[in-house]
Amino acid sequence: MAFGFSSVFSQNNNKFTIILDAGHGGKDPGNSYHGFVEKEIALKTTMKVGKFLEKEHGVKVIYTRTSDVFIELADRPKVANKANANLFVSIHCNSVKNEVPQGTETFVMGLSRHDMNLEVAKNENSVILLEKDYKKKYQGFDPKKPETLIGLTMIQEANLNNSITLASGIQSNFTKKLKRSSRGVKQQPLWVLDAAYMP
């Protein structure tokens with residue numbers, strides 16, 4: 001597996017599924033500075049990363065967008081959740097008027113909305129109660145039971161730890177292989193991260 005993270009993020013899927021989300025798009029340009037537009041850079045970078053990952057054995061890549069289209073923020077993590085993906089990566093680039101800050105930074109789910117993610121998961125998971133034979137299909141999983149909530153909390157904590165592990169590896173590669181200045185791994189309450197059920 002690429003980057004050696006397969007054991008950290010292993011699930012029961014046949015293939016390791018990675019969702020690559022090119023930030024912004026369409027009527028949302030993102031940041032613009034000196035003629036560079038974030039939505040274009042994010043898309044080109046995402047497609048390049050995707051081509052690299054698609055060469056890896058046992059990896060399936062799903063893109064939230066492959067062209068200059070607008071996708072609502074709430075729909076981006078839904079793609080990952082629907083695919084039962086192993087990993088969700090959203091690619092962006094910052095722009096600041098102050099020329100002093102430079103380098104790369106990697107963001108993970110912010111703790112300040114940690115409980116909100118649990119509520120989102122409970123709400124999204126409740127739809128299984130409408131499915132035929134859900135008790136058999138989901139092996140007793142019931143989004144209304146306290147045991148399930150404890151399980152979801154444990155999954156969230158594991159996902160946060162796995163996210164930090166991956167983010168640290170990404171930052172290390174930026175610094176060591178690309179000689180970029182590192183601005184570190186940061187936790188932020190970003191909806192696109194918080195609404196995804198996986199690292």
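**Entry 1: the elements.** I looked up the secondary structure of this predicted model and found seven helices and seven strands, taken as DSSP runs numbered from the N terminus (helices are H or I with at least four residues, strands are E with at least two). From the N terminus on, I read the order as α-β-β-β-α-β-α-β-β-α-α-α-β-α.

**Entry 2: ground rules.** I number residues from 1 along each chain as its sequence is written. I also keep in mind that local features need pLDDT of at least 70 and side-chain atom pairs pLDDT 80 or more, that totals for chains, interfaces and linings use all residues, and that side-chain values use heavy atoms, with hydrogens and water left out.

**Entry 3: the chain as a whole.** How much of the chain is buried? I noted 35% of the 199 residues, where buried means under 20% relative accessible area, exposed over 50% and partly exposed in between (1.4 Å probe, protein chains only). I then turned to contacts, meaning heavy atoms within 4.5 Å. Among those with a separation of 6 or more, 75% come from residues 24 or more positions apart.

**Entry 4: strand S1.** I went along S1 (16–22) and found seven of its seven residues buried. Phe16, Ile18, Leu20 and Ala22 point one way, while Thr17, Ile19 and Asp21 point the other way. Next I checked its partners (strands pair if DSSP finds at least two bridges between them). S1 pairs with S4 in the parallel sense over five bridges, and five bridges also join S1 to S5, again parallel. Ile19 stands opposite Ile62 in S4, and its bridge partner in S5 is Phe88.

**Entry 5: the cores.** I looked for nonpolar cores, sets of buried Ala, Val, Leu, Ile, Met, Phe, Trp, Tyr and Cys residues joined through side-chain atoms within 4.5 Å. The largest has nine residues: Phe16, Ile18, Leu20, Leu53, Val59, Val61, Tyr63, Leu87 and Leu166. S1 and S4 (59–63) are the elements that give it two or more residues. A second, separate core of eight residues includes Ile19, Ala85, Phe88 and Ala196.

Entry 6: In H3, I found Arg76, Pro77, Ala80 and Asn81 buried. They lie on the same side of H3, because they cover an arc of only 135 degrees around the axis (taken from the directions from the helix axis to the C-beta atoms). Just after H3, Asn84 takes a positive phi of about 50 degrees. Asn86 sits in the loop between H3 (75–82) and S5 (87–91). Asn86 counts as buried because its relative accessibility is 2%. A polar atom of its side chain lies 2.7 Å from the backbone nitrogen of Thr17.

Key. A polar contact is a pair of N or O atoms within 3.5 Å; within protein, one must be able to donate a hydrogen and the other to accept it, and residues adjacent in sequence count only if both atoms are side-chain atoms.
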